Amino acid sequence: GGGAPPGGGGEVPPPGSPASGNWAGLDRNRRGATEARAFSGPGGRLTPREFGNAATSLTANPDATTVNIEDPGETPKHQPGSPRGSGREEDDELLGNDDSDKTELLAGQKKSSPFWTFEYYQTFFDVDTYQVFDRIKGSLLPIPGKNFVRLYIRSNPDLYGPFWICATLVFAIAISGNLSNFLIHLGEKTYHYVPEFRKVSIAATIIYAYAWLVPLALWGFLMWRNSKVMNIVSYSFLEIVCVYGYSLFIYIPTAILWIIPQKAVRWILVMIALGISGSLLAMTFWPAVREDNRRVALATIVTIVLLHMLLSVGCLAYFFDAPEMDHLPTTTATPNQTVAAAKSS
Amino acid sequence: MAEAEESPGDPGTASPRPLFAGLSDISISQDIPVEGEITIPMRSRIREFDSSTLNESVRNTIMRDLKAVGKKFMHVLYPRKSNTLLRDWDLWGPLILCVTLALMLQRDSADSEKDGGPQFAEVFVIVWFGAVTITLNSKLLGGNISFFQSLCVLGYCILPLTVAMLICRLVLLADPGPVNFMVRLFVVIVMFAWSIVASTAFLADSQPPNRRALAVYPVFLFYFVISWMILTFTPQ
């Protein structure tokens with residue numbers, strides 16, 4: 001005969017409570033008791049849906065099985081009524097407790113293929129055109145209140161942006177350097193134009209090493225500090241690579257503009273580009289080291305910006321010849337004429 | 001074990017009978033004859049196919065492959081929406097074009113200057129690794145084109161740039177000057193646009209629509225770099 005309950009004995013849990021088996025993640029509402037928030041959505045795109053207060057579901061069905069999980073490290077300042085709009089508000093939403101837990105759970109749900117399958121690497125390229133444009137725009141306009149990683153990347157770090165921005169930058173620097181040298185030495189009879197193809201491989205080594213090894217070192221450093229000091233915000237390796245990749249985008253127009261053979265113009269461009277991308281990096285990584293020792297935090301940020309400056313100045317010095325203020329004379333001067341010129345000056 | 005449903009006419013039966021209950025009673029060797037004749041139709045024709053391409057003369061084989069390559073060249077030069085490049089892909093054409101381009105672009109081996117144009121191996125590596133990277137990129141973005149089809153299309157669409165290289169070489173035989181440069185620049189730009197249009201016509205359909213620009217941009221970068229190498233070629 002039919003009619004036996006599918007669960008086999010006991011009461012059926014209400015659909016709103018976590019025991020119905022359809023929940024993942026912790027709540028962000030600070031009411032002392034955690035609520036369950038279920039996530040659902042097709043193809044890995046997860047959107048939160050609230051199923052109501054834990055208190056109300058408890059009163060509705062007092063026999064229902066519910067699970068109470070306290071947020072570890074929940075500090076008393078996160079009470080209802082705490083002032084919003086301060087800089088700490090971002091950290092509330094960036095909390096390593098629930099947000100990184102959520103993203104870890106999300107990451108576990110998304111990247112579930114083993115690393116030797118093709119699908120695993122496809123998850124790193126799961127971006128649409130408008131998303132890439134949004135991220136590039138966000139890297140060009142770093143606004144103090146907005147964290148680049150939180151706004152643009154937190155859901156979905158990609159490798160498309162970093163890889164192709166670096167590739168474009170390599171060729172932009174090599175080609176612009178070549179063009180600029182050609183234009184500077186244009187009138188000289190002794191100059192024979194060469195394409196300088198060897199510099200492409202040097203540029204590629206420099207740019208790709210910077211874009212991958214520095215994030216690796218920074219990630220290792222942040223992990224090490226995290227083990228000593230409980231930091232609120234922590235980034236995964238891919239997110240750091242993403243930030244560095246998109247922060248290099250400003251150097252593409254800068255490299256093209258470096259063709260202009262004026263020293264002052266070039267240094268102004270260096271300052272502007274360093275200002276924009278340096279501030280992007282500093283604002284991204286400041287929340288990750290803020291909890292640490294003051295000196296360590298400052299030293300980290302200064303090192304990040306210094307390395308960035310080293311990259312841009314180094315590329316400028318190596319690939320672009322210095323524009324001479326006065327060109328060499330187009331006709332080779334005889335020794336008599338040079339001596340006469342020296343005597344008269 | 002499969003259980004037979006209780007028939008409604010027997011409310012009193014307590015235990016259901018298993019299906020195929022009486023099957024073990026059947027003795028196969030005696031009751032069901034299993035013998036006969038199997039004939040393969042068209043047996044003689046299969047043998048014909050096997051030897052048809054193996055026994056033909058070498059000239060036939062080469063001409064057939066050359067004709068296929070030539071047909072694809074025509075498709076690249078007059079790009080229409082057709083599937084020929086994708087359906088019958090081959091890598092002969094890209095190889096011929098790449099070797100021709102690299103041979104024409106390489107600098108003199110007796111060159112004393114350290115920084116010059118690319119070597120043969122550098123051009124070869126750039127073309128093939130560039131094509132492989134673009135193919136991997138389009139597959140990772142979710143395109144449904146196969147690996148070798150994409151390599152085939154990218155390789156064949158270098159044809160306009162190879163033609164540009166030939167023209168530039170001829171133009172360089174004249175005396176150098178700004179006019180010379182302008183002519184070469186114009187030719188390279190036109191051929192670059194032609195390559196982009198041809199490859200986009202074949203490749204764009206295989207991408208999901210919201211990522212088309214992401215997949216086409218690396219193709220643009222690839223042909224731009226090759227055009228740059230052609231434009232800056234200076235004979236020693």
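## The lining of the largest cavity

The residues that line the largest cavity fall into 11 nonpolar, three polar and two charged. Here nonpolar means Ala, Val, Leu, Ile, Met, Phe, Trp, Tyr, Cys or Pro, charged means Asp, Glu, Lys or Arg, and polar covers the others, Gly among them. This is a predicted model, in which local features need pLDDT of at least 70 and side-chain atom pairs count only at pLDDT 80 or more, while totals for chains, interfaces and linings use all residues. Residues are numbered from 1 along each chain as its sequence is written, chains are lettered from A in the order in which they are written, and side-chain values use heavy atoms, with hydrogens and water left out.

Two or more lining residues come from each of α7 (160–184) and α8 (198–228) of chain A and α10 (212–231) of chain B. The largest share, five residues, belongs to α7(A). Helices are DSSP runs (H or I, at least four residues), numbered from the N terminus.

## Other enclosed space

In total, the structure has seven cavities of 30 Å³ or more. A cavity is a set of points on a 1 Å grid over the protein atoms alone where a 1.4 Å probe fits but cannot get out, and lining residues have an atom within 4 Å of a point. Grid points are joined across faces, edges and corners, and the volume is the space filled by probe spheres set on the points.

The second largest cavity has about 110 Å³. It is lined by 13 residues, and B:S138, B:L203, B:Q207, B:A215 and B:V219 are the closest to its centre. Its lining holds seven nonpolar, six polar and no charged residues.

## Salt bridges

Seven salt bridges occur over all chains, each a side-chain nitrogen of Lys or Arg within 4 Å of a carboxyl oxygen of Asp or Glu. In one of them, A:D158 meets A:R135 at 2.7 Å, N to O. A:D158 sits in the loop between α6 (148–153) and α7 of chain A and A:R135 in helix α5, so the pair ties together parts 23 residues apart in sequence. A:D158 is buried at 1% relative accessibility, and A:R135 is buried with a relative accessible area of 1%; buried means under 20%, exposed over 50% and partly exposed in between (1.4 Å probe, protein chains only).

A:K137 and A:D134 also pair, at 3.9 Å, N to O. A:D126, A:D128 and B:R211 are linked in a network of salt bridges.

Notes
1 Å grid on protein atoms, 1.4 Å probe; cavity = no way out; pocket = protein on both sides within 12 Å on 5 of 7 lines; lining within 4 Å.
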